[in-house]
Amino acid sequence: MSPFHEIISLLDSARIKIDHQDVTTGQVKALLESIGSGDASRSEDISVLVSPAAGELLEPMARLAKTVTLRRFGRTIQMYAPLYISNHCSNSCVYCGFNVHNKVNRRTSNREEILSEARLIKNQHISQLLLVSGECPAEVSLDLLEATARGLKGMFPSLSIEVYPMDTPDYARLYQAGIDGLAIYQETYDQNIYSMVHPAGPKRDYRYRLGAPERGAAAGFRQIGLGSLLGLNDWRVESHYLMHHAAYLMKHHWKSQISVSFPRLRPAAGGYSPEFPVSDRELVQMICAFRLMLPDAGLVLSTREPAELRDNLIGLGITKMSAGSKTAPGGYLDRLDNNIDKIDNNLNEQGQPAEGQFNVCDDRTVEEVAQSIRSKGYDTVWKDWDQGFEKQNENQGQNINKENGK
Ligand code: SF4
């Protein structure tokens with residue numbers, strides 16, 4: 001069992017809600033002043049920063065978040081792209097188009113197809129790649145992921161996965177094959193809601209998923225990405241849990257860099273409507289709160305959000321953005337130059353293009369996003385990699401495998 005599960009079990013969401021309502025603007029001002037003068041925040045401060053009272057003071061909060069971000073990260077935004085390997089999934093998450101019960105056109109790319117797509121992404125200067133798939137090990141086996149990682153390792157200095165949760169020895173195999181980052185979102189930390197929105201499939205196992213970031217960190221992954229799917233639960237309560245999870249990992253797995261994503265539910269096949277929609281203003285408040293609570297954490301914003309909002313959030317706390325994203329397996333192949341590669345379409349076996357997980361909202365090209373970032377006085381960082389760290393973590397991964405008799 002995840003040791004963090006014991007901590008989260010002690011948090012009472014009814015109490016958390018009351019605490020948020022009780023916060024006054026005076027408390028918010030005092031906290032902002034204290035953080036602004038260099039004091040470290042305490043874990044209970046999250047209640048103040050995500051409270052309705054803090055929402056009334058969003059402008060000064062955003063100014064402080066900007067100052068903290070500049071101090072810790074300078075004027076830089078890292079760029080990455082997701083590459084979907086498969087939209088097959090054995091789960092039945094009610095909010096997701098890839099849900100096993102949805103009639104969507106499905107496809108799993110093979111290693112060569114994945115490498116072709118990766119080359120197209122690389123041609124746009126992206127050097128941080130996130131391999132994504134539905135949760136279906138029968139379609140996307142550990143062997144496929146391992147062979148793909150070995151093929152991509154020389155091309156991408158930073159390679160992450162967002163796939164099904166695994167045990168530590170399997171994560172260690174992927175680490176040794178060249179994967180250095182793991183993104184795995186709990187979706188919601190509320191166990192009742194979690195059970196309702198995950199009615200069947202392996203993902204029903206809340207605790208196994210909750211322990212995945214710790215298992216990934218133990219395997220040596222240099223980057224661990226967390227997130228809640230915004231819209232499933234009260235965002236204020238969810239922020240509380242998510243912040244505790246990130247802080248716990250930073251304390252106990254300090255060799256891994258922890259990042260937090262803010263995915264808002266987007267329209268997808270199945271027509272799910274979020275029960276707790278999060279407004280733009282609330283999303284900004286949440287991002288600013290995380291920057292002030294976790295000044296060293298990477299904060300990530302994907303193309304789920306519209307271009308204008310993403311542009312406005314540059315500098316307010318976000319440190320990493322995706323660009324030019326496709327959310328269907330084979331989605332980048334329509335950019336293929338047939339003189340360079342032999343694969344000429346992104347159709348599945350039934351001759352249909354595979355469907356994406358959600359509708360991308362910011363559909364600008366990588367260069368357009370980069371230009372927008374530069375126009376705000378920020379530099380785009382295409383690669384974030386410390387080669388010296390690799391050797392150290394490789395040895396760590398080998399030791400884990402030795403301990404597990406592999
Ligand atoms: S959210 Fe992930 S696990 Fe759930 S149905 Fe979609 S792809 Fe599958």
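**Strands, helices and a ligand shell**

Tutor: Let us begin with strand β6 (residues 257-261), which is mostly covered, as 4 of its 5 residues are buried. Please note that this is a predicted model, in which local features need pLDDT of at least 70 and side-chain atom pairs count only at pLDDT 80 or more, while totals for chains, interfaces and linings use all residues. Residues are numbered from 1 along each chain as its sequence is written.

Student: What makes a residue such as T168 count as buried?

Tutor: A residue is buried if 20 or more other C-beta atoms, placed from the backbone, lie within 10 Å of its own, exposed if 12 or fewer do, and partly exposed in between. T168 has 22 C-beta neighbours inside 10 Å, and therefore counts as buried. T168 is found in helix α9. In space, T168 and A219 are 5.5 Å apart, C-alpha to C-alpha, although 51 residues separate them in sequence.

Student: How many helices and strands does the protein chain have, and what makes a run of residues one or the other?

Tutor: The protein chain has 17 helices and 9 strands. Both are DSSP runs, numbered from the N terminus: helices are H or I with at least four residues, and strands are E with at least two.

Student: How do you know that β5 and β6 pair?

Tutor: Two strands pair if DSSP finds at least two bridges between them. Strand β5 (residues 223-227) is joined to β6 by 5 bridges, so the pair meets the definition, and the two run parallel. Within this pair, L226 stands opposite V260. V260 also stands opposite L299 in β7, for β6 is joined in parallel to strand β7 (residues 298-301) by 3 bridges.

Student: Why is the unit of β5, α13 and β6 called right-handed?

Tutor: A crossover is right-handed if, with the strands pointing away from the viewer, the path from the first strand over the helix to the second runs clockwise. The unit formed by β5, helix α13 (residues 235-252) and β6 is right-handed, so its path is clockwise in that view. Strand β2, helix α8 (residues 142-152) and β3 also make a right-handed β-α-β unit. From β3 the chain then crosses through α9 (residues 168-177) to β4, again in a right-handed crossover.

Student: What makes strand β3 largely enclosed?

Tutor: Of the 5 residues of β3 (residues 158-162), 4 are buried, so the rest of the structure largely encloses this strand. It runs parallel to β2 (residues 128-133), with 5 bridges, and V132 stands opposite E162. On β4 (residues 181-183), β3 pairs in the parallel sense over 2 bridges.

Student: How do you know that the buried residues of α16 line one face?

Tutor: In helix α16 (residues 366-375) the buried residues are V366, V369, A370, S372 and I373. Seen down the axis, they fall within an arc of 160°, and so they line one face of the helix; the arc is that of the directions from the helix axis to the C-beta atoms. The face turned away from the buried side carries the exposed residues Q371 and S375.

Student: Which residues are around the ligand?

Tutor: They are C89, N91, C93, C96, F98, N99, G134, E135 and K203; a residue is near a molecule if its C-beta atom, placed from the backbone, lies within 6 Å of it.
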